[in-house]
Amino acid sequence: MSSFISDDSAFLEPNNDIIATAMVVIGFVVFAAILSKTFIAFNDNSQALESYEQAAMMAKDIASSPSFQGSRPELISAEELDRIVDPSADKERYMFFQRFSPNLDFYVEAVTDDGNYQWTIAEGTVSRDGRDVIASSIPVVIELGSSARCVPGTITVKIMQNRWE
């Protein structure tokens, strides 16, 4: 028993404990940093996907809205787009944007595929400075004046959010 108590070869030096502890702490900090970056990336991607899905639902809702309907339900009237884009149509634009959440900052673009006609429906001034834009488009048929003159186009809803860092 005395040889067990008097044997000093199994004891560690204090310097070895400090180095081992420092290595464990550094490893834990690196693991925590990797875990937090992974969570932040997942959160950003899920927010972007949620905004994209919301923009897609809004675009479908706008395309099927009776207020933009042409001579047939599947057509979008260029005259109605002209009417709501007109600067004197504040009331119509206000009613258009009230259908959606007041917390959303978005605008809508309607464009013919040939690029000859373009409409932007925005409330106030739309600023993209320092902001990310999530957009979703759907194909539509735009009626230009009469049902005999229809062209393919797209309706795009662009939701702006503060930049993800």
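How many helices and strands are there in the protein chain? There are 4 helices and 5 strands. The model is a predicted one. Colour the chain by secondary structure and follow the elements from the N terminus: the order is α-α-β-α-α-β-β-β-β. Of the 165 residues, 30% count as buried.

**Stop 1: the surface of helix α2**

Select Val-25, Phe-28, Val-29, Phe-31 and Leu-35, and display their side chains. These residues form a nonpolar patch on the surface, and together they have about 530 Å² of accessible area. Centre the view on Phe-31, which is found in helix α2, residues 14-63. Phe-31 has 51% relative accessibility and therefore counts as exposed, since the cut-off is over 50%.

**Stop 2: salt bridges**

The structure contains 6 salt bridges. Begin with Arg-72 and Glu-74, whose side chains meet in a salt bridge at 2.7 Å, N to O. Arg-72 counts as partly exposed, at 38% relative accessibility.

An α-helix has 3.6 residues a turn, so residues three or four places apart point the same way. Arg-83 and Glu-80 form a salt bridge in which the closest N and O atoms are 2.6 Å apart. Arg-83 is partly exposed, with a relative accessible area of 34%, and Glu-80 is likewise partly exposed, with 24%.

Through shared partners, salt bridges join Glu-80, Arg-83 and Glu-92 into one network.

**Stop 3: the buried side of helix α4**

Go to helix α4, residues 90-98, and select Arg-93, Phe-96 and Phe-97, which are buried. Why do they lie on the same side of α4? They cover an arc of only 90 degrees around the axis, which puts them on the same side of the helix.

**Stop 4: aromatic rings**

The structure holds 6 aromatic pairs. In one of them, the rings of Phe-97 and Phe-106 have their centres 5.0 Å apart and their planes at 55 degrees, so the pair is tilted. Phe-97 and Phe-106 are both buried.

For a stacked pair, select Tyr-117 and Trp-119: their centres are 6.1 Å apart, with 10 degrees between the planes.

**Stop 5: Glu-109 in strand β2**

Finish at strand β2, residues 106-112, where Glu-109 is found. With 15% relative accessibility, Glu-109 counts as buried, because the cut-off is under 20%. Display Lys-158 as well: the side chain of Glu-109 makes a polar contact with the side chain of Lys-158, at 3.4 Å.

Technical notes:
Residues are numbered from 1 along each chain as its sequence is written. This is a predicted model: local features need pLDDT of at least 70, side-chain atom pairs count only at pLDDT 80 or more; totals for chains, interfaces and linings use all residues. Side-chain values use heavy atoms; hydrogens and water are left out. Rings of Phe, Tyr and Trp (its six-membered ring) pair if their centres lie within 6.5 Å; planes under 30 degrees apart count as stacked, over 60 as edge-to-face and the rest as tilted. Buried means under 20% relative accessible area, exposed over 50%, partly exposed in between (1.4 Å probe, protein chains only). Patches are made of residues with over 30% relative accessible area and no salt bridge: like charges are joined within 9 Å, nonpolar side chains (Val, Leu, Ile, Met, Phe, Trp, Tyr) within 5 Å. Accessible areas come from the Shrake-Rupley method with a 1.4 Å probe; for residues, only the protein chains shown count as cover. A salt bridge is a side-chain nitrogen of Lys or Arg within 4 Å of a carboxyl oxygen of Asp or Glu. Helices (H or I, at least four residues) and strands (E, at least two) are DSSP runs, numbered from the N terminus. The arc is that of the directions from the helix axis to the C-beta atoms. A polar contact is a pair of N or O atoms within 3.5 Å; within protein, one must be able to donate a hydrogen and the other to accept it, and residues adjacent in sequence count only if both atoms are side-chain atoms.
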